[in-house]
Amino acid sequence: MARQWIISFLLAGLTSVTSFSQDTDNDVRIRSLVKEYGQAEAVLRLTARSEIDNLSRHVSILDVRGDSVILSLSPRDLNWFIGRHYAYTIREQKMPRGLVSASSLAKALTWDAYPTYAQYDSLMQSFISTYPDLCTLDTIGTSINGKLVLALRITAAGATSETRPEVFYTSTMHGNETGGYILMLRLADYLLRNYPADSRVKDLVDNLRIWINPLANPDGTYNSGNIISNPVRYNANGVDLNRNFPDPLQTDNVLEKENTDMVNFMKKHRFVISANFHSGVEVVNYPWDRWLNKLHADNAWFNEISRAYADTVHVYSPTGYMTYLENGVTRGAVWYVVYGGRQDYVTQQLHGREVTIEVDDQYITPASQLPALWESNRRSLLGYLENALYGVHGQVSDSTSGLPVVAKVFIDGHDKDTSEVYSDTEHGLFVRMLSPGIWPFTFSAKGYRDTSVYVTVYTGQRTDLNIVLKKKTQSDTVNTALLYPNPATSSLNALVPVAVAGDAEILITDQAGRLVIGYTTEIVSGTPVIIDISGLSPGIYQAEFRNSRKRAFCRGRFIVIK
């Protein structure tokens, strides 16, 4: 990685993490590098995953290859690292080669040179002046040093424009990872120039609101002023922005200004799908980043869309490009654990779907290689956004007024750990992307009766759904089953409301939302159903009884003891 501007020292002879470094010259040298460049890189050997995870809580890990951990140090975390007395070697950096600044705005638009900061601002402005019917420009916020963090929205004008799903691409959260910066600018230009002549572009622009933020950390990229000459990973405070998002495992995490602005922007838009772009290796990284032994409910779907991105790249790129780890794809924590990362924040706390895409094993893509980088990734960039066109698209409304309803959209026996989505406040719209299959949806909203339906999802197709919720009244039967004995050991008796009687499904799920028992039987009103639970492990379970013909169901919780 970083072939053009990092010289690797030999790793031989490294001692264990518990020993003191034998060469204090390393500490002096690494302090000098951090002072000169604003960052430095070190390599150490760690074999225990717990040690790597602890290191990840305090410094920015760049890569883990076997027992070699490659990390970046800023002025903020240097003292902590040196105080730990790790045995390490230094990866010294030189000024990047092949980094060509555009001499004019016209030159920048040839995409084989890097724009100055002023040219970048002019490029974004030129998009909205040249294509006023297709795009608008928004300011997410400003950096610590007052540079603009910009986002371009691309969508075709029309009556449905404000109800289209919103998607988001963002790049260069790490200021010295520049390939994605140019990819995003060129993608915006490509979408605008090729609409409506290119049918694939037209489909995206007609049916989505596409947001593109090419440069999330302008202070890091333009660290030296108006041109890119000494970019750094960190923001002006020396903080790694991709280790600084809200994280339930780091309750004392204070957000940097750039991330506060970004969080507010993403909360406002609640993107259906998103991706953030980096460099340093070549791989598509999907959630979870911080949990090794826990899978996202949509883990299979995440793997599918990540695999599609990498496999498409392989068709249009030189041999060997984006083949790292599992041939260009990894679940984040399998590689190494990250705390305070953006993709996990978006996916867990905003109920979104985000991946991290590393597009070049060089941090600074040489200007001459930028066109090839675009050709390798262009089709994959379009294909990833197309995922938002598929799956289940629906609207939830009130049965009497027809007004939108904010509802929880939950897949029984599947969703867990906040993987559910919600209909929006303005239109009651939602999108739920899923692998192909038949899925049991339940729609819940405060003051309304739950509504459950089965929905079929097809590969590469959209399923539309219109859900009308009825308000609860005092005469409504409480949707609760009487379960006894509770706790139970080998069998469970269930009495259900008369509305559920008849041919009904019995679904038992565990605390993780996994279906452990499921079958259909006839339920007689007033007669308890006897359920065999002898095969269940001790724990808390939910029993659901569902009569699809009557569109009625009830639920109850019970405990299994042995």
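Predicted model: local features only at pLDDT ≥ 70, side-chain atom pairs only at ≥ 80, totals over all residues.
User: Why are α10 and α14 called roughly antiparallel to each other?

Analyst: Helix α10 (residues 299-316) and helix α14 (residues 370-386) pack at an angle of about 150°, and an angle over 145 degrees counts as roughly antiparallel. The pair α10 and α14 is therefore described as roughly antiparallel. Their axes lie 8 Å apart, and α10 passes α14 in a right-handed crossing.

User: How do you know that α10 and α14 meet, and which residues are involved?

Analyst: Contact here means heavy atoms within 4.5 Å. On the α10 side the residues that meet α14 are Ile305, Tyr309, Thr312, Val313 and Tyr316, while α14 brings Glu375, Ser376, Asn377, Arg379, Ser380, Leu381 and Tyr384 to the contact. By class, these residues divide into 6 nonpolar, 4 polar and 2 charged.

User: How many cavities does a search of the whole structure find, and what makes a space a cavity rather than a pocket?

Analyst: The search finds 5 cavities of 30 Å³ or more. A space is called a cavity because a 1.4 Å probe fits there but cannot get out, whereas a pocket is an open set of points. The largest cavity holds about 220 Å³ of space, and among the 24 residues that line this cavity, Asn242, Arg243, Trp335, Tyr336 and Glu358 are the closest to its centre. Two or more lining residues come from each of β3 (60-65), α12 (332-335), α13 (342-349) and β13 (354-359). The lining of the largest cavity divides into 8 nonpolar, 10 polar and 6 charged residues.

User: What lines the second largest cavity, and which helix gives the most to that lining?

Analyst: The second largest cavity, with a volume of about 70 Å³, is lined by Ile140, Val149, Thr170, Met173, Ala216, Leu241, Phe245, Glu258, Asn259, Met262 and Arg342. Helix α9 (residues 257-269) gives the most, with 3 residues. The classes in this lining are 7 nonpolar, 2 polar and 2 charged; Glu and Arg count as charged, so Glu258 and Arg342 of the lining belong to that class.

User: What makes Arg270 a lining residue of the largest pocket?

Analyst: A lining residue has an atom within 4 Å of a point of the pocket. Arg270 is one of the 40 residues that line the largest pocket, and together with Val272, Asp424, Leu429 and Phe430 it is among the closest to the centre. This pocket has a volume of about 920 Å³. At least two lining residues are supplied by each of α7 (199-207), α9, β14 (391-398), β16 (421-422), β17 (429-432) and β20 (462-469), with β17 giving the most, 4 residues. The lining comprises 13 nonpolar, 11 polar and 16 charged residues.

User: Which residues and strands line the second largest pocket?

Analyst: About 680 Å³ of space lies in the second largest pocket, and of its 27 lining residues the closest to the centre are Arg449, Asp450, Asn479, Arg551 and Phe553. The elements that give two or more residues are β19 (451-457), β26 (539-547) and β27 (552-560), and the largest share, 4 residues, comes from β19. By class, the lining has 10 nonpolar, 8 polar and 9 charged residues.

Conventions. Residues numbered from 1 in each chain as written. Heavy atoms only, no water. Axes fitted to C-alpha atoms, helices over the stretch in contact; angles between N-to-C directions. Parallel < 35°, antiparallel > 145°, perpendicular 65-115°, else oblique. Left-handed = near helix turned anticlockwise from the far one by under 90°. 1 Å grid on protein atoms, 1.4 Å probe; cavity = no way out; pocket = protein on both sides within 12 Å on 5 of 7 lines; lining within 4 Å. Points joined across faces, edges and corners; volume = space filled by probe spheres on them.
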